[in-house]
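Here is a two-chain model to talk through together.

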Amino acid sequence: MISALSQRFGKLSIKRKLQGIIMLTVTAALVLVCAVVFLSFRIGTRNSMRSELDLLVRMIGQNSTAALSFNDRDAASELLQGLQTQPAVVMGILYSADGAVFAHYSRAEMEGVSPHLAGGYRTAFEPERLLAYHPIEFNGQVLGSVYVESDLEELHLRMIRATEVSLALLVCAGIFAFFLGTRLQRFISEPVVHLVQTAKAVTLLKNYGIRARKQTSDELGALIDGFNEMLAEIQDRDHELRTHRETLEDEVSQRIAELRSVNRELIDAKNRAEEGSRAKSEFLANMSHEIRTPMNGILGMTELALETDLTSEQTEYLSTVKSSADALLTIINDILDFSKIEAGKLDLELIAFELHECVGETIRLLSLRSAQKGVALRYEIHPDVPPKVVGDPIRLRQVLINLVGNAIKFTEQGSVLLNISLQALEGESALLEFAVHDTGMGIPYEKQKSIFEAFSQADGSMTRRFGGTGLGLTISSRLVAMMGGRISVESHPGEGSCFRFTVRVTPTDEPVVQKIEAHPVHDTNRARASHRSSNVLLAEDNPVNQRLVLRILERQGHRVTLAVNGREAVEAVKRAEFDIILMDVQMPQMTGYEATEAIRSCERQSGRHIPIVAMTAHAMKGDREKCLASGMDSYISKPVSAKDLLETLETLSLTA
Amino acid sequence: MSETANEYEVKAAFLYKFASFVEWPPDSPSSTLCIGVIGQDPFGSMLEGVVRGKSINGRNFLIRRYKSAQDAVACHIVFISSSERSRLRTVLDGLRGSAALTVSDIPGFCENGGMIDFEILEQKVRFVINQEAAEQAHLKLSSKLLNVAIYVSQGTK
């Protein structure tokens with residue numbers, strides 16, 4: 001109850017609270033005062049009534065002495081009739097000394113009511129009456145007694161009047177206090193309300209420059225002072241913050257500008273670096289081209305020379321030239337591959353191919369060399385191994401050629417075995433393991449760790465004795481890593497070695513689309529056996545290459561038309577019919593790509609399709625894609641070997 | 001007779017009670033209050049009976065009986081018996097100049113210069129007062145006494 005009241009009180013405004021407090025206090029004080037005044041008035045009234053009655057009775061006593069003394073009832077009655085002037089008195093009785101009624105007076109309506117003598121002489125308030133009963137003594141003698149009784153009408157009336165007056169006073173004083181309190185409470189509530197309004201305004205307008213007005217120098221004044229000081233403090237802080245923020249913004253924009261300029265510099269540096277890298281790649285490609293073109297001549301001419309009638313001495317010399325040139329080509333290819341891998345320029349292809357075919361061809365290619373050495377070469381493919389996979393067949397073959405070739409190279413007698421098995425099938429991909437066992441000389445234990453690092457053939461003498469750059473294993477190791485596998489070696493000197501590597505491929509059922517091999521490896525004899533005469537257009541600007549290719553083809557009975565640049569080639573195609581076109585890529589006036597595109601656009605009207613084979617020393621990545629994109633059907637890389645060239649011609653003329 | 005006896009008993013008591021309502025001049029004797037009877041005493045021993053043991057303001061009562069008025073001048077209250085009817089004027093003249101309250105039941109007492117005259121009214125003893133006579137004798141009669149009198153003849157002043 002009290003807590004509910006105080007809760008309601010707590011919700012009131014300070015103005016109402018002050019009014020409430022004032023009214024409550026005033027009312028309480030007034031009620032208290034009225035009660036005290038009323039009580040004292042009542043007591044005073046009763047006392048005065050009593051003493052009046054007392055006096056009246058005494059006077060009657062005094063005045064009745066003679067009547068009593070001389071037994072004059074008439075006089076006594078007359079005396080008592082005087083009580084009529086006292087309206088409150090209801091009865092008066094004089095008793096003689098012997099207790100008999102001497103004289104009697106009573107108000108009309110009180111006739112027959114008996115007096116209350118029991119209780120003796122007294123002046124007392126009794127319920128509903130005030131009475132006085134006293135003896136009459138005169139000169140030491142009791143003459144009789146007098147009894148007077150009055151009702152309390154008068155008292156009641158007076159009390160009612162007093163109550164009315166009290167209430168009226170209470171109301172008047174309350175109203176007066178209300179108005180006075182309403183006016184006076186402003187001294188306290190107004191500064192507080194003003195403070196609240198100021199605080200609201202500050203919050204609403206976010207203006208910390210607003211100040212509360214100080215009206216008094218009491219605690220409220222101190223409160224307003226404190227509030228204003230706080231506002232000033234906030235304003236200062238605000239100002240500081242704003243200044244700080246502005247400085248910060250300046251700093252930030254300055255930093256951003258700096259960053260931008262640094263960024264520009266970085267972009268410039270990056271562009272310059274990329275430019276440099278491109279130039280380097282370009283340089284490598286050019287070098288490759290520049291080196292291969294003369295190599296082409298050397299190799300082709302040597303082959304041609306070897307087929308003429310020679311003395312045994314000449315044959316031996318030329319054979320040495322050929323093998324040296326082969327070795328040199330291998331070394332150049334290795335170095336180019338290695339530098340491409342190191343530069344991160346080597347990207348793997350992802351094409352579907354027949355694993356059996358790829359491995360079988362590689363083995364067939366190498367079986368020639370093993371047969372020459374008298375080393376048995378076998379391969380086994382576990383039946384679990386998926387027949388068709390997606391991967392890079394060219395790079396896989398490169399690793400196989402390297403490892404199996406090495407095995408053959410370092411095995412004097414015995415056998416080389418290639419074992420292919422499925423090591424793991426993880427979701428979409430399969431991990432294939434290739435193991436190359438040989439019965440060769442083995443690798444010393446201390447060399448086994450560093451064997452895959454660049455330029456670290458087991459012994460410096462190895463290079464001298466067996467040739468090679470020693471980059472083969474390093475390149476293989478990098479290629480295997482790129483194909484998601486690992487390479488390792490296990491070897492006991494004198495007993496043989498086992499090189500294992502794994503490759504991650506994706507088994508597939510897709511048909512193998514790329515039928516034409518970049519490096520067709522077929523038995524030259526078989527190609528020769530199925531040979532037929534074709535009409536060939538050769539577009540080649542280099543005279544050495546012209547002569548080389550011309551001789552190779554004419555020896556096979558093909559008719560060759562020569563064009564020295566792209567434009568001549570296009571014109572030749574317009575003039576005559578050809579079974580096949582051999583197109584050098586880099587030619588003056590019109591490149592091989594442009595010529596191919598021109599020929600293909602002509603063919604779109606005629607509906608014909610002449611197979612075009614690119615001849616390029618651009619052994620760089622993207623060459624093959626460029627060739628195919630410009631409309632060529634295949635390509636062979638320079639230096640052109642008779643074997644490759646004839647094989648390609650054979651394949652294309654068959655499919656054409 | 002018993003009625004007469006009763007009448008004089010009341011009159012005796014009245015004589016005694018009058019003392020309470022009268023104020024005598026200061027020069028009158030104050031040691032005792034003397035009630036004198038002139039002429040044939042009708043009270044017998046009643047007066048003595050009434051005042052026995054009584055006193056007013058510490059003054060005891062003294063009852064005396066006199067033959068002539070000259071003897072009774074020192075009394076405070078003098079009752080003149082009906083036996084003195086024929087010589088009333090003489091008796092009253094004899095008391096003139098004294099401070100005695102003269103009381104009698106002789107008819108026409110007050111008209112003859114007496115102060116209080118007993119009368120029988122409705123078989124009750126009442127009295128008439130001649131205030132003029134009392135004032136001449138420098139007696140102050142209480143208003144209460146005057147109130148209970150049948151009749152008061154006012155002083156002529």
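Q: How many residue pairs are in polar contact across the interface of chain A and chain B?

A: In this predicted model, five residue pairs are in polar contact across the interface of chain A and chain B, with both residues at pLDDT 80 or more. On chain A, the elements that give two or more residues to the side touching chain B are α2 (14-63), α3 (65-69) and α4 (73-81). Helix α3(A) gives the largest share, four residues.

Q: What makes Arg126(B) and Asp72(A) a salt bridge?

A: The closest N and O atoms of Arg126(B) and Asp72(A) are 2.4 Å apart. The cut-off is 4 Å between a side-chain nitrogen of Lys or Arg and a carboxyl oxygen of Asp or Glu, so a pair of this kind counts. The count between chain A and chain B is one salt bridge.

Q: What is the make-up, by class, of the side of chain A that touches chain B?

A: That side of chain A has five nonpolar, seven polar and two charged residues. In terms of contacts, 14 residues of chain A meet 17 residues of chain B.

Q: How much area do chain A and chain B bury between them?

A: The two chains bury about 1200 Å² between them, and 56% of it is on carbon and sulfur atoms. The size of an interface is often given in this way, as the accessible area lost when the parts come together.

Q: Why is Thr508(A) called buried?

A: Thr508(A) has a relative accessible area of 14%. Buried means under 20%, so the label applies. Thr508(A) sits in the loop between β12 (496-507) and α14 (524-529) of chain A. Leaving aside neighbours within four places in sequence, Thr508(A) is in contact with Ala352(A), Lys388(A), Val389(A) and Val390(A).

Q: Which residues touch the most other members of the largest nonpolar core?

A: They are Phe18(B), Leu101(B), Phe127(B) and Leu145(B), in a core of 70 residues. Helix α1 (residues 2-18) of chain B gives the largest share of this core, six residues. Beyond its neighbours within four places in sequence, Phe18(B) is in contact with residues including Phe70(A), Leu101(B), Phe127(B) and Leu145(B). Another core, of 43 residues, lies apart from it, with Ile363(A) and Val436(A) among its members.

Q: How much of chain B counts as buried?

A: Of the 157 residues of chain B, 51% count as buried. Chain B has five helices and ten strands.

Technical notes:
Residues numbered from 1 in each chain as written. Chains lettered and ligands numbered in written order. Heavy atoms only, no water. Contact = heavy atoms within 4.5 Å. Buried area = accessible area lost by both parts, 1.4 Å probe. Polar contact = N/O pair within 3.5 Å; in protein donor to acceptor, adjacent residues only side chain to side chain. Nonpolar A, V, L, I, M, F, W, Y, C, P; charged D, E, K, R; others polar. Core = buried A, V, L, I, M, F, W, Y, C linked by side-chain atoms within 4.5 Å. Buried < 20%, exposed > 50% of the residue type's maximum accessible area, 1.4 Å probe, protein only.
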